[in-house]
Amino acid sequence: MGRGKANGIVVLTGAGISKESGLDTFRDADGIWAQVRIEDVATPEGFRRDPVRVHDFYNARRRSLVTGNVRPNAAHAALARLEAEWPGEVTIVTQNIDDLHEQGGSRNLLHMHGEMLKVRCDGCGTVVPWRDDLGTGDDCPDCAATGRLRPHVVWFGEMPLYMDEIYGALDRCGLFVSIGTSGNVYPAAGFVTEVRRAGTAHTVELNLEPSEGASLFAEARYGPATELVPAFVDELLARGTLD
Ligand code: APR
């Protein structure tokens, strides 16, 4: 390790960063889990029990992303600028299944809960881009099995993706920033604790209100992401170092 603090940055994002782009969060009063039950649409059991209901749920959300006027906001753009201009590694770990980070220009991006614009075949395991409605009559483009395609989304009780890469980045970083997440769902809610265990990284929470894990962060700023994130990135780039 070179002189001084590591200069890698890990950013964890949740539904709050996409709220000002017009996408619902999960646990706000008007959130998704106030409209449908997790066990009906976000568990493997729910999918086995009623695949049509689960397809309808994701088809409606996929349609709003593909056909609605949903665009990345200033917070997504600021993170892409940070990745482009920071003199070190910037890793975006998102719990979100929308593609707003990609649209905003982020490249070093890990979708730990999967992606709404991809589907996976339970038959052959292939993962392919998919922007249309998905149903039980669709055939896998690779193995041709019918009715074996599911959203490439991590449901409750399933293993999140890219965990080895994520823990590697957390253990190397000098700064961990959590944006727009309520800190209700593990393992993401435990990342701040992993960073503190691993060393001397600074930890920051940028959120509309204190999350479940607020007390675990060395610094916290509260307000809308489109205000907090650009300002925070400007400060970071002006400093140019984490020392
Ligand atoms: N700016 C910043 N933060 C905001 C904004 C905003 N404009 N609007 C809402 N928030 C905050 C809320 O205060 C809340 O703390 O974003 C957070 C959203 O929390 P959740 O709705 O719980 O979403 P998230 O933390 O991403 O959920 C994690 O749970 O249901 C599963 O798989 C799903 O990935 C999801 C995971």
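Ala, Val, Leu, Ile, Met, Phe, Trp, Tyr, Cys and Pro count here as nonpolar, Asp, Glu, Lys and Arg as charged, and the others, Gly among them, as polar. The model is predicted: local features need pLDDT of at least 70, side-chain atom pairs count only at pLDDT 80 or more, and totals for chains, interfaces and linings use all residues. Residues are numbered from 1 along each chain as its sequence is written, and side-chain values use heavy atoms, without hydrogens and water.

Start with the pockets. A pocket is an open set of points on a 1 Å grid over the protein atoms alone, where a 1.4 Å probe fits, with protein on both sides within 12 Å along at least five of seven lines; lining residues have an atom within 4 Å of a point. The volume is the space filled by probe spheres set on the points, which are joined across faces, edges and corners.

The largest pocket holds about 830 Å³ of space. Its lining counts 42 residues, and Ala-15, Phe-26, Arg-27, Thr-181 and Ser-182 lie nearest the centre. By class, 20 are nonpolar, 14 polar and eight charged. Helix 4 (51–67) and strand 8 (202–207) are among the elements that each supply at least two lining residues. Helices (H or I, at least four residues) and strands (E, at least two) are DSSP runs, numbered from the N terminus.

The second largest pocket has a volume of about 320 Å³. Leu-23, Asp-24, Ile-32, Arg-61 and Ser-64 lie nearest its centre, among 18 lining residues. Nine of the lining residues are nonpolar, six polar and three charged. Helix 4 gives the largest share, four residues.

Now turn to the rings. Rings of Phe, Tyr and Trp (its six-membered ring) pair if their centres lie within 6.5 Å; planes under 30 degrees apart are stacked, over 60 edge-to-face, the rest tilted. The structure holds seven aromatic pairs. Tyr-167 and Phe-191 make an edge-to-face pair, 5.8 Å centre to centre with 85° between the planes. Tyr-167 lies in helix 7 and Phe-191 in helix 8, so the pair ties together parts 24 residues apart in sequence. Buried means under 20% relative accessible area, exposed over 50%, partly exposed in between (1.4 Å probe, protein chains only). Tyr-167 is partly exposed at 30%; Phe-191 is buried at 0%.

Phe-176 and Phe-217 are stacked, 6.3 Å centre to centre and 15° between the planes. Phe-176 is buried at 0%, and Phe-217 is buried at 12%.

Finally, Phe-26, Trp-33, Phe-47, Phe-57, Tyr-58 and Trp-155 form one aromatic cluster.
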